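Subject: Structure handover

Hello,

Here is the structure for you to look over. My notes on what turned up follow below it.

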Amino acid sequence: METPAWHNLGLPEIYQQLGTRPEGLTDSEATVRLQQHGRNEILRRKPTSPWKLFFKQFANYFILVLLFAAILAFAVSFLPGESGRRLTGWFILGIIVVSVSLNFFEEYRAQKELEALDRLLVFKTKVLRAGAPLQIEAAQVVPGDVLILVHGQKVPADARLIEAHSLRTDESALTGESVGVDKSPEPVAVGAALAERTSMVFASTYITHGTGQAVAVRTGMATEVGLIAGALGQMVERPTPFQVEVQKMARQMTIIVASLAAVVAVVLLYLLREPPLDVALNTLSLAIATIPESLPIVLTFALALGARQMARRNAVVRRLSVVESLGSVDIICTDKTGTLTQNLMTLQQLFVGGDLVELPQDLSANSGALELLRAGILCNEATQSEGTGDGIQGDPVDTALVKAAQAAGLDLVQVRKDSPRLNVIPFSSERKMMTTIHSRDGRQVSITKGAPGPVLAHCSRCRIGEQDYPIEDPRCQIVRAQVTDLQGRGFYVLGVAGRDLPEGHSLEQAESGLTFLGLLALIDPPRAGAAEAIARAQGAGIRVVMITGDNGLTAQAIAGTLGIGQRVLDARTLGEITRPELTEKMKTVDIVARATPQVKQQVLQALQDDGHVVAMTGDGVNDATALKQSDVGVAMGLRGTDIAKESAAMVLLDDNFSTIVAAVEEGRRIFDNIRKFTNYLLSTSLGEVFVVLALSIAGYFPLSAIMLLWVNVVTDLVPASALAADPVVPHVMKRRPRRHNEPILNKAIYATIIGSIFRTLIAYGLIFWVGLQFGGVTYARTMLFTSIVLHAFTRVMVVRQMDSLSIWSNRTLLISYAVAVGLQLLALYTPLRDIFGVIALDWRAWAVMVPVTAGSSFAGVYMTRWILKLFPLWEK
C-alpha cells in the first residue's frame, strides 16, 4: 500500500485516513493500535554472539591452510613408526589457538566497548487521549495519537501538524541543516524535499521554539529515522582494502607452497629415489615451513596495537582491519554541520549606522550596536535559567543573539524587565518575521526581526547614526547591497526594525512605517583546529570533499575559511546526471550542497567506482547509510547519534577532525610495519625452504618439521611482533596515500626477498658444510638450526633499512631478539635438545656462525640500498 503524502493532505483527510479526531484516541483504541503497529521503537541490532564471533575467526585463508596441515600431520602420525608427527600436529594447533584467540578477544572487546543500541525513542511525551493531556512513554505512541509539542521537547514520532504557534524545530541530526526550521500546519507540495516539509515534525528532532499539536502518522521503524536504520540492516559491508590484500597474499603463498612442494617431491622421488611415504612426510614438513605460521598472529598484534594507539588519541575502532585501511584513504567526505563546524550558531557581524561591526569587540561606545542587540534579545523567544548567565534555551539563532548581547554587557533579565513584553505577532514561514510589542519609558514600541527582504518591505525609514532617512535615500539602499554581500559569504542574515506606537494602535500598525535599525549576521563557525587538520590531510595527498545539506553559498563560505576548494555541485541537479557522468564530475567537485542521505550514497558510490578509498565522517542520522557504505566510516562520539556510531567503523571520542588525520597517520605507520614484518617473515621462511631444498638435493634433509616450526615461532613471532611496534617515520604524512590496488609485496619487496634468499643460501650452505667437517650431520644440523635464529636479527636490521630507522629506535625489538636467542640457548643446552634432536655446540661453532652471520648482514644492508635505487619502495 502506497504511503500517503501526509505533508500535502488537509487536516480533515488526515483525520479520516488515520481514524482519529482533534481530541485524540481513546485508551482502548490506542491499546489496539499498539498491538497492530508495535512499539514506537527503533529495532535494536543484536550484537554478534561470542560463539559466532569466535567461529568467524576461522574464515581466514592462513588459518584454513594451517588447519589442513595440522590434520595431515595427525593423519600421518597414525602410520607405523610416525607417532612423532603428532607433536607437529599439536604444535600447529597451538599456533592456530593463539591466533584465533587474539583475534577473538580484540574484536569482542571492541564490540563490548561500542555496543551502541538504538535508544532514540526511549523518553516521555504528552498526548491527548479522549481530549485530556496524558504523559506516556514515547514507545507507546501510535499512529493517530495527537502529540502535544512544547519548547525543548524531543519529537517522538513523524507527525502532521494540527496547529503551530511560533513553532520551530532543530532537524540538523536528520537533514544536516544547522538553522532551525519554521513549522506551519499549511500543506506543502507533494514533491517537497524532506527539509522543506514544514507541515511535518519528525522523530528524533527537537522543538526549539513555540508550541503546537500534531497527529502521529508514522511510528517506530516506519519513521524517517526508522527507514534509515532499516536500510542499514540491509546493507552489506564492503571488505576493507587490507582484507582483500591479505586474502590475495594468502592465495599467492598457497601457490608458492604448492610449487615448492611439487619440486621437492620430484627431487626426492626421482633423483634421490626416496620411498613414497618419506617423500610425503618431507613434503609436508617443507609445506609447513613455507607457510609463515606466525603471520596471522603478528598481523592481529599489529592491528590491535594500532587500535590501542588510536584509542589513546581519542579514536576508537570497531573492526581491527580498519586500522590499516585508514592509511589507504585518499578522500575524506565530511559533513559540514557539527563535524567541520561547531553546530552552534554565532553572531559574528552587525551592520549598524552604515558600518559593518565585527564581533566580538568592545561595544560600550557604540550606542547603535547596543541598541540593535537590545532589540535582538527583546524580539526573541530564548529563555535563561534564573540566577546564572548560562543555561540559555531556545532556537539556535535566538540563543546566539542572547549570548552576543551578554558578551556586550547587556543583561537579558534586566533588559526584559525594563521593556516588558505586551504582545507578540508570531513568526510564520509565510511572513518570515516576528514582531513584539513592549512598554518602554512610558510609551509603547514595536520591534520586528526576520528575513531582511520582508522586514525592509515594512520600513519607511532607516537609521544611520543618530539620523533617520527615507528608505528610498541612497544611504538606505546600501543595506540591500550589504545583505547580498553577507549572504554571499555564507552568513545567515536577519533584519531588525522598530517604531514608537501611538495610543490605541492596532496590530497592523505595529508592522508598518518601521525604521530599519540594522542587520545581524550569524554563522555556524568552524571547529578549532579543523583548518590545520585539513591542510595536513591535503599535504598527505588526501582530498577533502564537503557533503552538506546547506546551500552552496554557506558551504563555500565555511570551505573557504578551512582551505577546501570552492567547486560546488548542487545535489538537486543529480536527477539529470547518470552514474558514469557523476563519477566523472566528482573528479573536480569540492562541495556537494543540498545533499540528502541518498545523495551522499550516490556520491560515495561514484568516488568508489573511480577507485578511491573513501572515508566518510558524520554525526547525524542522515549520515548513517553513507557511514556504513564508505571504506572507513567515522562517527562523532560526543554529538553523534547512536545510529551513526553503530554504522561507523571508527568513533571519535573528541569529535575533532584533527583526530581523523592522527588516525590516518597511525594507519600509515601500521601499514609500513605490516610491510616490513611481512617482508621479514616471507624472506626468512622462503630462505629456510630453499636451503632445505638445496641440501635435500645434495643428499641431506637438514631440518625436521618441529625444528622449522620452532624457528618460525622464535625468530618470526617474537621479533616480528616487536617490528610491528616500530615508530612512525618522519615523512609518512608527506607522501601520497597507498593506491587501493598497490600490493603489500611490491617490486622493491620482492627484490629484497630474492636477494635475501641468495645470501641465505650462501651463508647457510657455508655453515652447514663447516658443521659437517667439525662433527658430522647432527653437528651441522645444530649449527644450521642456531644460525637461522642468529640470522633473524640481522634480517630485521636489513628490512628496517628501507625506512632508515636507527637500531636504537625500537628497544622492544632489541629485547625481543635477546629473548629469541635466550630461547634458542635453552633448546641447545637443556634437556629440550632431545625433543629437537640437536646437540650442545662448542666454541668452534660460535666462532664460525657469528662472523658469517655478521658478514651476511652487512652485505644485506648494501644490497637493500642498491635495490631501493632501482625499485622505489613507494610508487609515485
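A charge counts as sitting over a ring if NZ of Lys or CZ of Arg is within 6 Å of the ring centre and within 35 degrees of the ring normal. Arg844 meets this with Phe774: Arg844 lies over the ring face, 4.8 Å from the ring centre. Arg865 does likewise with Tyr862, at 5.6 Å from the ring centre. Please keep in mind that this is a predicted model.

Overall picture

The chain has 876 residues, and 56% of them count as buried. It holds 30 helices and 26 strands. Take the contacts between residues at least 6 apart in sequence: 71% of these join residues at least 24 apart. The exposed surface comes to about 35,400 Å², with 59% of it supplied by carbon and sulfur atoms.

Aromatic pairs

The whole structure contains six aromatic pairs. One of them is Phe54 with Phe55, edge-to-face, at 5.5 Å centre to centre and 75 degrees between the planes. Phe54 is partly exposed at 25% relative accessibility. Phe55 is exposed at 52%. Ring pairs also bring in Trp51, giving a cluster of Trp51, Phe54 and Phe55.

Tyr700 and Phe768 form another edge-to-face pair, at 5.5 Å and 65 degrees. Tyr700 is in the loop between helix H24 (657-697) and helix H25 (705-723), while Phe768 is in helix H26 (residues 747-775), so this pair ties together parts that are 68 residues apart in sequence. Phe768 is buried, with a relative accessible area of 2%. Tyr700 is partly exposed at 30%.

Salt bridges

The count is 33 salt bridges.

Arg129 pairs with Asp27, with the closest N and O atoms 3.7 Å apart. Arg129 is in strand S1 (residues 124-129) and Asp27 in helix H2 (residues 27-37), 102 residues apart. Arg129 is buried at 11% relative accessibility. Asp27 is partly exposed at 48%.

Arg39 and Glu41 form a salt bridge at 3.3 Å, N to O. Arg39 is partly exposed at 41%, and Glu41 is partly exposed at 26%.

Arg536 and Glu665 meet at 3.0 Å, N to O. Arg536 is partly exposed at 36%, whereas Glu665 is buried at 13%. Shared partners extend this into one network of Arg313, Arg536, Glu665, Glu666 and Arg669.

Best wishes

How values were computed:
Residues are numbered from 1 along each chain as its sequence is written. This is a predicted model: local features need pLDDT of at least 70, side-chain atom pairs count only at pLDDT 80 or more; totals for chains, interfaces and linings use all residues. Side-chain values use heavy atoms; hydrogens and water are left out. Rings of Phe, Tyr and Trp (its six-membered ring) pair if their centres lie within 6.5 Å; planes under 30 degrees apart count as stacked, over 60 as edge-to-face and the rest as tilted. Buried means under 20% relative accessible area, exposed over 50%, partly exposed in between (1.4 Å probe, protein chains only). Helices (H or I, at least four residues) and strands (E, at least two) are DSSP runs, numbered from the N terminus. Contact means heavy atoms within 4.5 Å. Accessible areas come from the Shrake-Rupley method with a 1.4 Å probe; for residues, only the protein chains shown count as cover. A salt bridge is a side-chain nitrogen of Lys or Arg within 4 Å of a carboxyl oxygen of Asp or Glu.
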